[in-house]
Amino acid sequence: MTAPTPSTLTIHEFSDDLAHHFHDINAEWINAMFKLEDTDREVLQHPRRNIIDKGGVILFVEAQGLGIVGTCALQKSAGNGYELTKMGVRESARGLKVGEFLLAAVLERAAQLQASPLYLLSNAKCEAAIHLYEKLGFRHDAEIMATYGARYQRCDVAMRYSW
């Protein structure tokens with residue numbers, strides 16, 4: 001398969017008709033590597049209520065010829081903080097730089113929102129994702145881990161974006 005180029009990748013804003021992709025893409029990778037936790041189920045089943053209506057953002061990536069292949073959210077937390085969360089790319093599109101394209105778009109949106117802190121919670125098993133986060137400016141952060149890490153049982157990595 002030929003790798004998509006930016007001209008064949010399109011960012012879409014959240015809409016209720018795309019919500020099922022948010023659920024399915026994230027459930028795919030979480031179930032493949034871990035198990036869905038109650039907090040995952042709540043956010044994935046009700047993204048408008050848990051993210052959009054609370055001042056957050058959900059973006060999607062469409063790859064020409066493949067449809068919606070990736071998604072990521074910025075979930076509002078305390079103050080002007082945002083958690084970059086539920087970033088997933090369909091297995092069929094991995095290795096095509098979709099994640100990097102999506103993460104760049106999410107970081108641009110976070111800058112527009114003046115997100116501070118911008119952080120994420122992950123697991124060391126997610127090596128490819130962690131490498132991508134580091135490549136685009138996230139740094140491991142003990143304070144973020146102490147403040148937010150207990151949200152997920154599987155969390156053993158916490159990172160903050162360096163503006």
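Visitor: What do β2 and β3 form, and how many residues stand between them?

Guide: In this predicted model, β2 and β3 form a hairpin, with 3 residues between them. In the turn, G65 has a positive phi of about 85 degrees.

Visitor: What makes β1 and β2 a pair?

Guide: The same test applies. β1 and β2 have 5 bridges, in the antiparallel sense, and at least two are needed, so they count as paired. L9, for instance, has A63 in β2 as its bridge partner.

Visitor: What makes β2 largely enclosed by the rest of the structure?

Guide: A residue is buried when its relative accessible area is under 20%. In β2, 6 of the 7 residues are buried, so the strand is largely enclosed.

Visitor: In what order do the strands of the open sheet lie?

Guide: The sheet has 7 strands in the order β1-β2-β3-β4-β5-β7-β6, and its pairing is mixed.

Visitor: Why are β1 and β6 said to stand at the edges?

Guide: β1 (9-13) and β6 (138-140) each have a single partner strand, so one side of each is left without a neighbour in the sheet. From one strand to the next, the twist averages 30 degrees.

Visitor: How do you know that β4 and β5 pair, and how do they run?

Guide: Strand β4 (residues 82-89) and strand β5 (residues 118-122) run parallel and are joined by 2 bridges. The definition asks for at least two, so the pair meets it. E83 has Y119 in β5 as its bridge partner.

Visitor: Which helices lie on these strands?

Guide: Helix α5 (residues 127-135) packs on the sheet and touches β4, β5, β6 and β7 (157-161). Its direction makes about 115 degrees with that of β6. Helix α1 (residues 19-33) lies across β2, β3 and β4, running at about 80 degrees to β4.

Visitor: Why is E83 called buried?

Guide: The cut-off for a buried residue is under 20% relative accessible area. E83, in strand β4, has 2% relative accessibility, so E83 counts as buried. Leaving aside residues up to four places away in sequence, E83 touches A73, L74, Q75, Y119, L121, R151 and Y152.

Technical notes. Residues numbered from 1 in each chain as written. Predicted model: local features only at pLDDT ≥ 70, side-chain atom pairs only at ≥ 80, totals over all residues. Heavy atoms only, no water. Helix = DSSP H or I, 4+ residues; strand = E, 2+ residues; numbered from the N terminus. Axes fitted to C-alpha atoms, helices over the stretch in contact; angles between N-to-C directions. Contact = heavy atoms within 4.5 Å. Buried < 20%, exposed > 50% of the residue type's maximum accessible area, 1.4 Å probe, protein only.
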